[in-house]
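Work through the exercises below with the sequence and the 3D structure at hand. Try each task before reading its solution.

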Amino acid sequence: MTARNISQFWEWGRKIICVGRNYADHAKELKNAIPTEPILFLKPPSAYVREGSSILVPRYSNNLHHEVELGVVIGKGGTAIPESAAMEHVAGYALCLDMTARDVQDVCKSKGLPWTRAKAFNTSCPVSEFIPKERIPDPGNVTLWLKVNDQLRQNGCTSQMIFSIPYLISYISEFITLEEGDLILTGTPKGVSAVQVHDQLQAGIQDVVTMSFRVDRQ
Ligand SMILES: O=C(O)/C=C/C(=O)CC(=O)C(=O)O
Ligand SMILES: [Mg+2]
């Protein structure tokens, strides 16, 4: 059997665990309360899309939003990982988008239903190349940005996160065993907005990585 390479973690079929409302400025722009503990939801591995393929607007949505986020790639699995040891479980990072059918999410919220149709559809998780841990020595202090058709929409720093990466790893692993190849999306800063078919999205983590995607209809 050929050894799997973590630099292609998106092919492994592992979990994508997403954190919501982890930046106060984003919680406020959507008129949500600041959370007192992490809000989590999941995407399936079929949500991944790589550069060269398009982000597809689901047929049932007319308000697809971009959310730029830092992704944390797990390199060593564990359950009930203490916060003090959490970073030992990180293999690296990825720049990610948490594409969100906001109109569908709003309906789910109003009915008290889960966000699955709004967050977990095919191509809802555009992902960059794998970034080895050493290339981001301080993941709690990097700038994330996103442009739509060359216009800057999001520009935030991970220092604004409410719950830190070590805290999130520890919190999640209390009740979901983390496995090598899992990805944690750590939430988005303010500036989320709608994208249209044929828009070109470009995003980056300061001078570390950039990626671009076109939007198409499903
Ligand atoms: O509660 C809402 O209206 C929206 C929440 C989100 O979509 C949360 C995120 O995915 C995020 O903050 O990154
Ligand atoms: Mg998000």
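This is a predicted model: local features need pLDDT of at least 70, side-chain atom pairs count only at pLDDT 80 or more; totals for chains, interfaces and linings use all residues.

**Exercise 1.** Find the protein donors of the magnesium ion (ligand 2) and locate them in the chain.

*Solution.* 
- Step 1: Glu-69 belongs to strand 6 (residues 68–74), while Asp-98 sits in the loop between strand 7 (90–97) and strand 8 (100–101), 29 residues apart.

**Exercise 2.** Which salt bridges does Glu-67 form with Arg-102 and Lys-119, and is Glu-67 buried or exposed?

*Solution.* 
- Step 1: Glu-67 meets Arg-102 at 2.8 Å, N to O. Arg-102 is in helix 2 (residues 102–111) and Glu-67 in the loop between strand 5 and strand 6.
- Step 2: Glu-67 also pairs with Lys-119, with the closest N and O atoms 3.4 Å apart. Lys-119 lies in helix 3 (residues 116–119), so this pair ties together parts 52 residues apart in sequence.
- Step 3: Buried means under 20% relative accessible area. Glu-67, at 3%, is therefore buried.
- Step 4: Lys-43, Glu-67, Asp-98, Arg-102 and Lys-119 are linked in a salt-bridge network.

**Exercise 3.** What is the strand order in the open sheet of 3 strands, and which strands are at its edges?

*Solution.* 
- Step 1: The order is 8-5-14, with antiparallel pairing.
- Step 2: Strand 8 and strand 14 (194–195) each pair on one side only, and are the edge strands.
- Step 3: Strand 5 (residues 64–65) is joined to strand 14 by 2 bridges; Leu-64 has Val-195 as its bridge partner.

Terms used: Residues are numbered from 1 along each chain as its sequence is written. Chains are lettered from A and ligands numbered from 1 in the order in which they are written. Side-chain values use heavy atoms; hydrogens and water are left out. Donors are N, O and S atoms within 2.8 Å of the metal (3.2 Å for Na, K and Ca); water is not among the atoms, so sites may look incomplete. Helices (H or I, at least four residues) and strands (E, at least two) are DSSP runs, numbered from the N terminus. Two strands pair if DSSP finds at least two bridges between them. A salt bridge is a side-chain nitrogen of Lys or Arg within 4 Å of a carboxyl oxygen of Asp or Glu. Buried means under 20% relative accessible area, exposed over 50%, partly exposed in between (1.4 Å probe, protein chains only).
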